[in-house]
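Hi,

Here is the structure I said I'd send over. Have a look at it first, then read on for what turned up.

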Amino acid sequence: MSSRPDPDALGFVLIDVARMLRSAFERRIASAGLGLTPGEARTLVRIASLEGSRQFDIAQRMGIEPMTLSTYLDRLQSLGLIERRPDPADRRAKLIFTTPAASALITGIRTEQLDLMQQVTSGISADELEQIHGRLKLLRANLSALEEDDAALTLARETGR
């Protein structure tokens, strides 16, 4: 085994692909004329998929800070695309919902996403795509388990257990 890092190692390739895909998505959204920034578009789609979730949970699922999400939510709310409702289980928390006005924009974002993915996956068969998708979901599940293990270990250290 060489001591030199391999830029084509699986981890590096995954990082490169994720970075490049995000950049391509951001360029498409910025030029699509939807009136949203790429961050707002990602947020709106995530809210639609997690309808009625708490702000903290949405931020966690997106991998961004709650304050960053709050900025996106403020803008989306000012555009009438989302609403914040009190959480009946915790009056300090708010639940986030899309409004009917968001529907057309979500469709537009989805169209851009599908068009981009069609370009990105050109030359890959449907069976191969299904396999890639399944393997990536497994990688995600494994990484999620590692995060949970790390969080439990950190908590144990902090509490002295």
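**What turned up**

Keep in mind that this is a predicted model.

On to the packing. The largest nonpolar core counts 21 residues, and L36 and L44 have the most contacts inside it. Two or more residues each come from α1 (10-31), α2 (38-49), α3 (55-62), α4 (66-78) and α5 (102-120), with α5 giving the most, 4 residues. L36 is worth a click: setting aside neighbours within four places in sequence, its contacts are I29, A41, L44, L76, L79, L81, L105 and I109.

Then there's T43, which belongs to helix α2. Is T43 buried or exposed? Its relative accessible area is 0%, under the 20% cut-off, so T43 counts as buried. Beyond residues up to four places away in sequence, T43 touches M62, L69, Y72, L73 and L76.

Last, the sheet. It is open, with 3 strands in the order β1-β3-β2 and antiparallel pairing. β1 (53-54) and β2 (82-87) are the edge strands, each pairing on one side only. Between β2 and β3 (residues 90-98) there are 6 bridges, and D87 has D90 in β3 as its bridge partner. Two helices lie across β2 and β3: α2, at about 105° to β3, and α4, at about 115° to β2.

Cheers

Key. Residues are numbered from 1 along each chain as its sequence is written. This is a predicted model: local features need pLDDT of at least 70, side-chain atom pairs count only at pLDDT 80 or more; totals for chains, interfaces and linings use all residues. Side-chain values use heavy atoms; hydrogens and water are left out. A nonpolar core is a set of buried Ala, Val, Leu, Ile, Met, Phe, Trp, Tyr and Cys residues joined through side-chain atoms within 4.5 Å. Buried means under 20% relative accessible area, exposed over 50%, partly exposed in between (1.4 Å probe, protein chains only). Contact means heavy atoms within 4.5 Å. Two strands pair if DSSP finds at least two bridges between them. Axes are lines fitted to C-alpha atoms, for helices over the stretch in contact, and angles run from 0 to 180 degrees between N-to-C directions.
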